[in-house]
Amino acid sequence: MEKAKEITNKNNVSSVYGDLSSFNEIKEMVNDIYNRFNRLDVLINNAGVYRSTRDLTQEGLEETFAINYIAPFILMNLLIDLLKKAKSSRIANVVSRVHSNQLNFNNLQFETGYTGVKAYARSKTCLIMFTYLLADKLKNTEITVNCLHPGIINTKLQRAAIGSGGASLLEGAETLVFAATAPELKNLSGKYFINNSPRPTKDITYNKEIQNKLWKKTEELVGMEFNEF
Ligand SMILES: NC(=O)c1ccc[n+]([C@@H]2O[C@H](COP(=O)([O-])OP(=O)(O)OC[C@H]3O[C@@H](n4cnc5c(N)ncnc54)[C@H](OP(=O)(O)O)[C@@H]3O)[C@@H](O)[C@H]2O)c1
């Protein structure tokens with residue numbers, strides 16, 4: 001936090017901590033945010049994991065799926081009122097070029113055939129589909145939502161997935177900052193960016209029927225039903 005204050009030269013920098021694999025901790029964080037702030041300009045869903053073994057959260061969800069996809073789904077839905085209070089606000093979901101072109105609802109969390117790569121790719125497919133459907137749902141609001149691939153960046157996650165190599169953290173932050181702040185994106189929603197340019201994602205991600213099915217399934221899994229916006 002001190003580092004953030006130093007870099008931004010601002011004192012009003014603060015933080016909220018919590019474990020995004022836990023529904024309760026997400027809800028506590030959200031309460032804390034509502035208690036401290038009266039609007040939210042940008043929500044960047046950046047946290048993510050790569051797990052080479054299949055582990056479960058307290059709620060019994062596969063961890064990669066829970067942290068990379070379910071947490072952004074809950075956060076957005078619980079923070080939407082605060083996002084609406086900003087004049088115009090943005091959601092940026094950090095996804096990956098590594099996403100799959102299939103979604104098996106009978107084995108959504110890899111109860112069978114788990115591998116780290118498959119679980120990671122599926123979590124990002126879900127987050128991309130969520131981004132696209134959400135953009136439709138938010139079309140009559142002042143909130144936009146986009147997703148992005150940050151590049152191959154030398155981070156803890158990257159080292160767990162592939163090993164060494166990758167660009168610097170500063171380079172990794174570039175497309176996140178672009179999605180969160182670029183004036184030219186003011187009214188642009190439902191896009192996927194690499195290196196600050198819109199790119200296509202795998203065919204399945206555009207399938208409206210599957211997007212809606214995934215949304216319903218996610219509501220069931222989190223035990224929450226979210227109204228239209
Ligand atoms: N690096 C790449 O090449 C690459 C490529 C494509 C996409 N991405 C995406 O970029 C995003 C950022 O990842 P990164 O590469 O920067 O990896 P990273 O350095 O490992 O950062 C991941 C962040 O997520 C946080 N996190 C993990 N589990 C959490 C949990 N349960 N609750 C709260 N926070 C949690 C980590 O916190 P702790 O440090 O406390 O664990 C860490 O700050 C991810 O969504 C990833 O999928 C990365």
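The legends below describe close-up views of one predicted model. Residues are numbered from 1 along each chain as its sequence is written, and side-chain values use heavy atoms, with hydrogens and water left out. Because the model is predicted, local features need pLDDT of at least 70 and side-chain atom pairs count only at pLDDT 80 or more, while totals for chains, interfaces and linings use all residues.

View 1. Helices (H or I, at least four residues) and strands (E, at least two) are DSSP runs, numbered from the N terminus. Helix 4 has 22 residues, and its end C-alpha atoms are 31 Å apart, which agrees with the 32 Å that it should span at 1.5 Å a residue. The expected span is 1.5 Å times one less than the number of residues in the helix. Of the 22 residues, 19 are buried, so helix 4 is largely enclosed by the rest of the structure. Buried means under 20% relative accessible area, exposed over 50%, and partly exposed in between (1.4 Å probe, protein chains only).

View 2. A pair of aromatic rings is described by the distance of the centres and the angle of the planes. Rings of Phe, Tyr and Trp (its six-membered ring) pair if their centres lie within 6.5 Å; planes under 30 degrees apart count as stacked, over 60 as edge-to-face and the rest as tilted. By this rule the structure has 11 aromatic pairs. The pair of tyrosine 50 and tyrosine 120 is tilted, at 6.1 Å centre to centre and 55 degrees between the planes. Tyrosine 50 lies in the loop between strand 1 (42–45) and helix 3 (63–85) and tyrosine 120 in helix 4 (residues 116–137), so this pair links distant parts of the chain, 70 residues apart. Tyrosine 50 is buried at a relative accessible area of 14%, and tyrosine 120 is buried at 11%.

**View 3. The aromatic pair of phenylalanine 178 and phenylalanine 193.** The ring centres are 5.5 Å apart and the planes stand at 75 degrees, so the pair is edge-to-face. Phenylalanine 178 belongs to helix 6 (residues 169–181) and phenylalanine 193 to strand 4 (residues 192–194), so the pair ties together parts that are 15 residues apart in sequence. Phenylalanine 178 is buried at 12% relative accessibility, and phenylalanine 193 is buried at 1%.

**View 4. An aromatic cluster and two lysines over rings.** One aromatic cluster is formed by Phe65, Tyr69, Phe73, Phe130, Trp215, Phe226 and Phe229. The charged end of lysine 137 sits over the ring of tryptophan 215, at 4.4 Å from the ring centre. Lysine 213 lies over the face of phenylalanine 105, 4.6 Å from the centre of that ring. A charge sits over a ring if NZ of Lys or CZ of Arg is within 6 Å of the ring centre and within 35 degrees of the ring normal.

View 5. On a 1 Å grid over the protein atoms alone, a cavity is a set of points where a 1.4 Å probe fits but cannot get out, and a pocket is an open set with protein on both sides within 12 Å along at least five of seven lines; lining residues have an atom within 4 Å of a point. Grid points are joined across faces, edges and corners, and a volume is the space filled by probe spheres set on the points. The structure holds 1 cavity of 30 Å³ or more. Its lining is made of Glu62, Phe65, Leu108, Gln109, Phe110, Ala119, Arg122 and Ser123, with helix 4 giving the most, 3 residues. Phenylalanine 110 is in the loop between strand 2 (89–94) and helix 4, is buried at 7% relative accessibility, and has a positive phi near 50 degrees in a residue other than glycine.

**View 6. The largest pocket.** The largest pocket has a volume of about 1400 Å³. It is lined by 32 residues, of which Met1, Val13, Ser14, Ser15 and Val16 are the closest to its centre. Helix 1, helix 2, strand 1 and helix 3 are the elements that give two or more residues to this lining; helix 3 gives the most, with 5 residues.

**View 7. Serine 21.** Serine 21 is placed in the loop between helix 1 (2–8) and helix 2 (23–36) and is buried at 11% relative accessibility. Contact means heavy atoms within 4.5 Å. Not counting residues up to four places away in sequence, serine 21 touches Thr57, Glu59 and Ile67.
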